[in-house]
Amino acid sequence: QVQLVESGGGMVQAGGSLRLSCAASGRIFRITTMGWYRQYPGKKRELVATTTADGSTNYADSVQGRFTISRDNANNTVYLQMDSLKPEDTCIYYCYAREAVLFSDFWGPGTQVTVSS
């Protein structure tokens with residue numbers, strides 16, 4: 001069992017920054033990919049950024065150059081530094097983790113990010 005808890009969401013003005021954190025806890029054998037997704041109302045959950053244990057990263061084109069994903073493997077924690085935020089970034093952001101031994105995907109409950117103009 002793996003539990004993910006996000007933190008760092010909130011409200012900022014356009015052009016501002018937020019840093020999301022997600023810590024995995026529970027019975028963790030091997031976390032491989034971790035990342036962030038977001039889901040707009042009425043839309044499917046979409047990729048924001050992911051990172052593998054070896055440091056490879058993948059970003060949605062909408063956040064490329066503005067968001068930076070990083071992780072602390074020792075603490076099973078993933079971060080999302082969000083800079084130059086835009087109102088269209090307003091969404092619920094979900095933490096994601098892939099557990100290779102249990103062969104399962106895990107999701108956090110989500111954290112709200114609101115960007116005002």
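I count two strands as paired if DSSP finds at least two bridges between them. The model I am reading is predicted.

**Entry 1: strands 1 and 3.** I started with strand 1, residues 2–7, and strand 3, residues 18–26. I found 6 bridges between them, in the antiparallel sense.

**Entry 2: strands 3 and 8.** I moved to the pairing of strand 3 with strand 8, residues 77–82. These strands run antiparallel and are joined by 6 bridges.

**Entry 3: strands 7 and 8.** I checked how strand 7 meets strand 8 and found antiparallel pairing over 6 bridges.

Entry 4: In what order do the 4 strands of the open sheet lie? I read the order as 1-3-8-7, with antiparallel pairing. Strand 1 and strand 7 are the edge strands, each pairing on one side only. I noted an average twist of 15° from one strand to the next. I kept in mind that side chains in a regular strand alternate between the two faces of the sheet.

**Entry 5: the core.** I listed the largest nonpolar core, which has 28 residues. Which of these residues touch the most other members? They are Leu4, Trp36, Val48, Phe67, Leu80, Met82 and Tyr93. I also noted the strands that each supply at least two residues of this core: strands 1, 3, 4 (31–39), 5, 7 (67–72), 8, 9 (91–99) and 11 (111–116).

**Entry 6: Tyr93.** I looked up the contacts of Tyr93, leaving aside neighbours within four places in sequence. Among them are Trp36, Val48, Phe67, Leu80 and Met82. I also recorded contacts of Tyr93 with Glu6, Leu20, Tyr37, Arg38, Gly110, Thr111 and Val113.

**Entry 7: Ala49.** I placed Ala49 in strand 5, residues 46–51. Is Ala49 buried or exposed? I classed Ala49 as buried because its relative accessible area is 0%, and the cut-off for buried is under 20%. Not counting residues up to four places away in sequence, Ala49 touches Gly35, Trp36, Asn58, Tyr59, Ile69 and Leu80. Last, I looked up the separation of Ala49 from Asn76: they are 27 residues apart in sequence, and the C-alpha to C-alpha distance is 16 Å.

Terms used
Residues are numbered from 1 along each chain as its sequence is written. This is a predicted model: local features need pLDDT of at least 70, side-chain atom pairs count only at pLDDT 80 or more; totals for chains, interfaces and linings use all residues. Side-chain values use heavy atoms; hydrogens and water are left out. Buried means under 20% relative accessible area, exposed over 50%, partly exposed in between (1.4 Å probe, protein chains only). Contact means heavy atoms within 4.5 Å. A nonpolar core is a set of buried Ala, Val, Leu, Ile, Met, Phe, Trp, Tyr and Cys residues joined through side-chain atoms within 4.5 Å. Axes are lines fitted to C-alpha atoms, for helices over the stretch in contact, and angles run from 0 to 180 degrees between N-to-C directions.
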